[in-house]
Amino acid sequence: MSTQTNIYVFIGAPGAGKGTLSHLCVQKLGWIQLSTGNMCRKHIAGQTAIGKEIDFVIKSGKLVSDELITSMVEQELATAATNGSSIILDGFPRTVPQAQALCELLSAKFKGMKLKIVRLIVSDDEVVQRLSKRLICQNKDCQAIYADTCSTLEPEKALVCDLCSGELGRRPDDAEDSVRKRLLVYHTHEQSLLDYYASIGQPVIECDGEKPLDKVFSDFKRLVDLGRA
Ligand code: AMP
């Protein structure tokens, strides 16, 4: 069995399915998910100094500063790396300075880890539709993702998390005006991020995120060479 630890960076618009695919990788493959959105929401729910600083930024659909987000990731990565499992970075890097910081971090502190970038492609119309139905577990240590109408993401019991029995609710930044702003912010950075990876010779694996979830997961495993995992 390979001892290679991979770091998977999931890029894609809000609602592209990064979090849902990450949950499947955690459940079925035993990987570790580091979601910068979850880290931010945990700070906000815990009313930490960082949480108070970023609350408004997040509600208004803007990005938290590169420095703050990068230092959060660095800390979490240091803990996760001791586990020996593959790690998913869900929602980071989102800008070129973050991508550069990650590359520097990997070459300075996490030399044994191989970077794999996976881009989930979903249209803006599909994103707006998905996010209008998205529910997340309000337990800040869970934050599992559901949808409120018939789909494979519907919870067994209405508004109750299947995993921890936490209450399900909407994310404040899933309101339509916030979603439109987040999409705009995403598209502003996406191309420069892709150009950056091309400039350093880093392949980007593209995955169609509009297919049914089980198909996205099997495509993903095939595309990253985990066909039999
Ligand atoms: P997400 O759950 O990935 O949609 O992230 C929710 C919000 O957290 C984003 O709209 C940003 O305000 C903030 N955030 C998450 N990840 C990052 C990041 N890498 N850089 C800056 N802000 C971030």
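This is a predicted model: local features need pLDDT of at least 70, side-chain atom pairs count only at pLDDT 80 or more; totals for chains, interfaces and linings use all residues.

Me: Where is glutamine 143 placed, and is glutamine 143 buried or exposed?

Reply: Glutamine 143 sits in the loop that runs between strand E5 (134-137) and strand E6 (145-147). A residue is called buried when its relative accessible area is under 20%, so glutamine 143, at 5% relative accessibility, counts as buried. Beyond its neighbours within four places in sequence, glutamine 143 touches His23, Asn38, Arg41, Lys42, Ile136 and Cys137.

Me: How many residues surround the ligand, and which are the closest?

Reply: The ligand is surrounded by 15 residues, of which the closest are Thr36, Lys62, Gly91, Arg94 and Gln98. For glycine 91, a polar backbone atom lies 2.9 Å from a nitrogen atom of the ligand, whereas for arginine 94 an N or O atom of the side chain is 2.9 Å from a ligand nitrogen. Glutamine 98 places a polar side-chain atom 2.9 Å from a nitrogen atom of the ligand.

Me: At roughly what angle do the axes of H6 and H7 cross, and which residues meet there?

Reply: The axes of helix H6 (residues 124-131) and helix H7 (residues 176-199) come within 10 Å and cross at roughly 140 degrees, in a right-handed crossing. From H6, Asp124, Val127, Val128 and Leu131 meet Glu176, Val179, Arg180, Arg182, Leu183 and His187 of H7. Sorted by class, this contact comprises 5 nonpolar, 1 polar and 4 charged residues.

How values were computed. Residues are numbered from 1 along each chain as its sequence is written. Side-chain values use heavy atoms; hydrogens and water are left out. Axes are lines fitted to C-alpha atoms, for helices over the stretch in contact, and angles run from 0 to 180 degrees between N-to-C directions. Helices (H or I, at least four residues) and strands (E, at least two) are DSSP runs, numbered from the N terminus. A crossing is left-handed if the near helix is turned anticlockwise from the far one by less than a right angle, and right-handed if clockwise. Contact means heavy atoms within 4.5 Å. Ala, Val, Leu, Ile, Met, Phe, Trp, Tyr, Cys and Pro count as nonpolar, Asp, Glu, Lys and Arg as charged, and the others, Gly among them, as polar. Buried means under 20% relative accessible area, exposed over 50%, partly exposed in between (1.4 Å probe, protein chains only). A residue is near a molecule or strand if one of its heavy atoms lies within 4 Å of it. A polar contact is a pair of N or O atoms within 3.5 Å; within protein, one must be able to donate a hydrogen and the other to accept it, and residues adjacent in sequence count only if both atoms are side-chain atoms.
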